[in-house]
Structures are given as C-alpha cells and as structure tokens.
Amino acid sequence: RAAQALNGMTNPDVSKSKAREAAQNVKNFMARAFTSRNPAFIISNSVRDVIWAGTAVATKEDAEYTKQYTKNVTGVLAKFKLPRLLRKFRNGTLDMNDEIERYFDEFLRNGGETGFTQVLTVEDYKKNIARFTKEAENGTKISKKAWRGLWNGIEFLNRSAEDITRFTVYMTSRQMGRSIERSVYDAKEITVNFNKKGSGEMGAKYLNFAYIFFNATIQSLANFGKLMARHLGKMAAALGTYSMMGFLMPVINAALMALGDDDDEENYWNLPEWVRRNNIVLFVPWTEKGFITIPLPHEIRPFYGMGENAMSALLGKQTT
C-alpha cells in the first residue's frame, strides 16, 4: 500500500484515460491561474491563512502555545523572512546556528511544506526532469527564459505566502518541546493539507474532477467540524467574536466616514453586499471613496456576514 501511494496509484485523480487526462490538465491550468500564478493571490491567501491559523491555534492550543505562535508569526511577517529563508535553502546557505534557519531546514526536509504551489506528482517530476534535460542539451531562447522567470517569480512568492503559517506553527511546536514528526503534523494540518487526496469514494472522485478545489473545500469543512466537536466552547467564542466584528463594522465605518466630507456617509453602503460581508472593510478618512479590504477565511465568512447583515437590517440598509 505504501508503494502504491508513493507511485500515485491511490490518488483518485490518477486516470489512464487520455480524455480525462486532458480535461484534468485544463482544470489544473485554471486552478494555477487562480492561485500560484495569480499575483493578487499572494497577499489575499497569506492574510486568510494567517487569520484562520491564528483562530485554529487559539482554539486547539493552550495560552502559552498561542502566545509563542503569535510572537513567531508576527516576527516572520514583519521581517519578511520567508522569501529569504526559501532562497537560502535553495542555495544551501542556511545557518544551522540560527534557531529560525535551523527549524526552517527541518521543516522543509521533513515534509512540513504543503500547498497548491508545492503539490507535485511523480509525473510532474518526470516532466520537469525531461524539460531540464532538453534545455541543457538544446538551450532556451532568452524570451522564453524571461517568460518562465516571470511565472517562477510569482510562484515563488505564492510559495512563501503558503509557508508562513505552516512554518511558524512548526517552529512553535518545536519550541514547545514537541518532536519533529508531531511538529510536521501540526504544520500540515493547520490549514488545508493539499497532500491529502481522500479515497474518492461516495462520488467524491467525480465531484473533485468536476469542481476546482472540491477536495480543499470538503477538507476545510471537515476540519471546521472537528474543531467544533472537540473545542465547542472556544470555537463558539471565536465565531461569536467574528459575528460581533461584522455587527460593529458598519458603526465603525460610520464613525470613520464622519471624519470626512458629508458626501462620504453613503460610500460604505454603496459597496456590494458580497464585499462587505466577506471582507473586513475599513474606510480611510480624507480619501475619495478609499477603503482597506481585508479578506476573511471561508470558514469565518458566514458568521461575520451574519453580524454585518443584522446591523444592516437594524439601520434600514438591507436591500433584500
């Protein structure tokens, strides 16, 4: 069974059908366009991951662990460490005397990294090796190198964004005295683990083929359910907090808009309801319709949206 898994034979996406393989390639291309090859995905994905990972850590772990994780993730974000750590790892220049760099080396070498950008099958590796060999033998045009370099740069930044929460969770677990194996597990499971494909049973194989990110959606829902079942009190408090944030956000924006011109008062309500209820939206005073939009994780959006919806109704701004 282990050998089958290593060779991809237990992967429900694997098929010998040429038609299915072609359709799967189209689906994978679309998924990459939405994620690893989308410059806008870099910031939005990292923000959503940081918010959800912080919620999950505070729910699953004790106060000491949560405090250390918060310190770690803040430091990594503030100093923009991940791209530099990844580059050092590629060049083999990580300093094993530095705690963060030593933990990052452990993190990568023991499989803690997972994300849409990093998921490669055996066939992907074969294709890459064939491409590298061809380029070495025949050379590559400068224009082609520049084009590939652009996409590689975007994928590199997306990879860095995906690693932020996983690495900081790994480092925190190690600092708390946990083994490498347990720390890797903590890191991979803090958000959606793209290495998990599922069995493909109960129709999941076909739904995963038909819908982009179906597997990630189901896994996210399952993880959310586990947190609710195992830590009901903490999760209820966290979700209640997000609902209260949504409830208060129109009031906060009204106060911020009052600092500007009279014409600013309706700007918040002129935003689409979908934008207001799926993001934390803050008005920037003394700007022309300027807002800061912070994307929320999918797991949190319904609860935040209910709060915003309730306040909209109370203020008579509900349109449906």
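What follows is a chat about this predicted model.

Student: Ground rules before we start?
Tutor: It's a predicted model, so local features need pLDDT of at least 70 and side-chain atom pairs count only at pLDDT 80 or more, while totals for chains, interfaces and linings use all residues. Residues are numbered from 1 along each chain as its sequence is written, and side-chain values use heavy atoms, with hydrogens and water left out.

Student: OK, how many helices and strands does the protein chain have?
Tutor: The chain has 15 helices and two strands. Those are DSSP runs numbered from the N terminus: helices are H or I with at least four residues, strands are E with at least two.

Student: And how much of the chain is buried?
Tutor: Buried residues are 40% of the 320 in the chain. Buried means under 20% relative accessible area, exposed means over 50%, and partly exposed is in between (1.4 Å probe, protein chains only).

Student: What about the accessible surface?
Tutor: About 18400 Å² for the protein chain, with 60% of that belonging to carbon and sulfur atoms. Areas come from the Shrake-Rupley method with a 1.4 Å probe; for residues, only the protein chains shown count as cover.

Student: Let's switch to glutamate 299. Where does it lie?
Tutor: Glutamate 299 is in the loop between strand E2 (291-295) and helix H15 (301-314). It's buried, yet it has no salt bridge. A salt bridge here is a side-chain nitrogen of Lys or Arg within 4 Å of a carboxyl oxygen of Asp or Glu.

Student: Which side chain of opposite charge is nearest to glutamate 299?
Tutor: Arginine 48, at 7.8 Å. For charge, Lys and Arg count as positive and Asp and Glu as negative; His and the chain ends aren't counted.

Student: Then what does the side chain of glutamate 299 have a polar contact with?
Tutor: Serine 220, side chain to side chain, at 2.5 Å. A polar contact is a pair of N or O atoms within 3.5 Å; within protein, one must be able to donate a hydrogen and the other to accept it, and residues adjacent in sequence count only if both atoms are side-chain atoms. Setting aside neighbours within four places in sequence, glutamate 299 is in contact with Trp52, Ser220 and Phe224. Contact means heavy atoms within 4.5 Å.

Student: Threonine 55 next: buried or exposed?
Tutor: Buried, at 8% relative accessible area. Threonine 55 is in helix H3 (residues 39-60), and, leaving out neighbours within four places in sequence, it's in contact with Ala238, Tyr242 and Ile300.

Student: Back to salt bridges. How many are there in the whole structure?
Tutor: A search of the whole structure turns up nine. One of them pairs lysine 88 with glutamate 101, with the closest N and O atoms 2.8 Å apart. Lysine 88 is in helix H5 and glutamate 101 in helix H6 (residues 99-109), so this pair ties together parts that are 13 residues apart in sequence. Lysine 88 is partly exposed at 32%, whereas glutamate 101 counts as buried at 11%.

Student: And where's the one with aspartate 105?
Tutor: Aspartate 105 bridges to arginine 109 at 2.8 Å, N to O. They're four residues apart in helix H6, so about one helical turn separates them. Aspartate 105 is buried at 14%, but arginine 109 is exposed at 60%.

Student: What does aspartate 186 meet in a salt bridge?
Tutor: Arginine 182, at 2.9 Å from N to O. Both are in helix H9 (residues 180-189), four residues apart, about one turn. Aspartate 186 is buried at 8%, and arginine 182 is partly exposed at 39%. Salt bridges with shared partners link Glu61, Arg178, Arg182 and Asp186 into one network.

Student: New topic: which residue has a positive phi although it is not a glycine?
Tutor: Phenylalanine 80, with a phi of about 50°. Most residues other than glycine have a negative phi. Phenylalanine 80 is in the loop between helix H4 (63-78) and helix H5 (81-91), and it's exposed, at 55% relative accessible area.

Student: Last one: where is glutamine 219 found?
Tutor: In helix H11 (residues 214-230).
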